[in-house]
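Please read it alongside the model displayed below.

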Amino acid sequence: MPTSPDQSTRDQVIEAYRAHLQAMADGDTDTLDDLLDDGFTLTHITGYQQPKAEWLSQMRAGRFVYHKVGEKSVAVDVEGATAHLVGRIVTDATVYGAHAAWPLQLAMDYAREGDTWIALRSVATTW
């Protein structure tokens with residue numbers, strides 16, 4: 001059975017999300033820079049809303065080291081050229097020297113730019 005246009009679009013957003021998770025696990029800040037809008041913000045579980053440049057700088061400095069990111073579930077809604085994704089992951093990471101496995105829910109907003117889905121923001125909570 002062929003994939004519907006709606007399913008195909010959802011799959012593209014999920015592909016962008018998984019590329020984001022893989023770049024985190026790889027410590028690939030250059031790829032993350034490409035996948036995230038210049039105005040991207042990450043709201044941490046502490047409530048701190050961090051600009052993209054600051055987060056990537058802290059990753060490069062070793063303050064955020066993502067060892068492994070395991071996807072548990074993902075759902076996405078697309079409306080025109082925007083999408084909202086909610087993914088649950090377990091992130092094995094060292095953050096400011098504290099190593100743990102965090103069960104995180106990421107609520108992410110995306111916008112289509114040409115043929116690419118770019119992340120606009122991510123809000124992390126625990127689950």
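R121 is partly exposed, at 37% relative accessibility, whereas its salt-bridge partner, D109, is buried at 19%; buried means under 20% relative accessible area, exposed over 50%, and partly exposed in between (1.4 Å probe, protein chains only). This is a predicted model, in which local features need pLDDT of at least 70 and side-chain atom pairs count only at pLDDT 80 or more, while totals for chains, interfaces and linings use all residues. Residues are numbered from 1 along each chain as its sequence is written, and side-chain values use heavy atoms, with hydrogens and water left out.

**The R121–D109 pair**
- The side chains of R121 and D109 form a salt bridge at 2.7 Å, N to O (a side-chain nitrogen of Lys or Arg within 4 Å of a carboxyl oxygen of Asp or Glu).
- This pair links distant parts of the chain, twelve residues apart: R121 belongs to strand β6 (residues 116-126) and D109 to strand β5 (residues 98-113).
- Helices (H or I, at least four residues) and strands (E, at least two) are DSSP runs, numbered from the N terminus.

**The network around K52**
- Salt bridges link D33, D38 and K52 in a network.
- D33 and K52 meet at 2.7 Å, N to O.
- D33 lies in helix α2 (residues 29-35) and K52 in helix α3 (residues 52-60), so this pair ties together parts 19 residues apart in sequence.
- D38 and K52 meet at 3.4 Å, N to O.
- Because D38 lies in strand β1 (residues 36-43) and K52 in helix α3, their pair ties together parts 14 residues apart in sequence.

**Exposure within the network**
- K52 is buried, at 5% relative accessible area.
- D33 is partly exposed at 34%, and D38 is exposed at 71%.

**Overall count**
- The structure holds five salt bridges.
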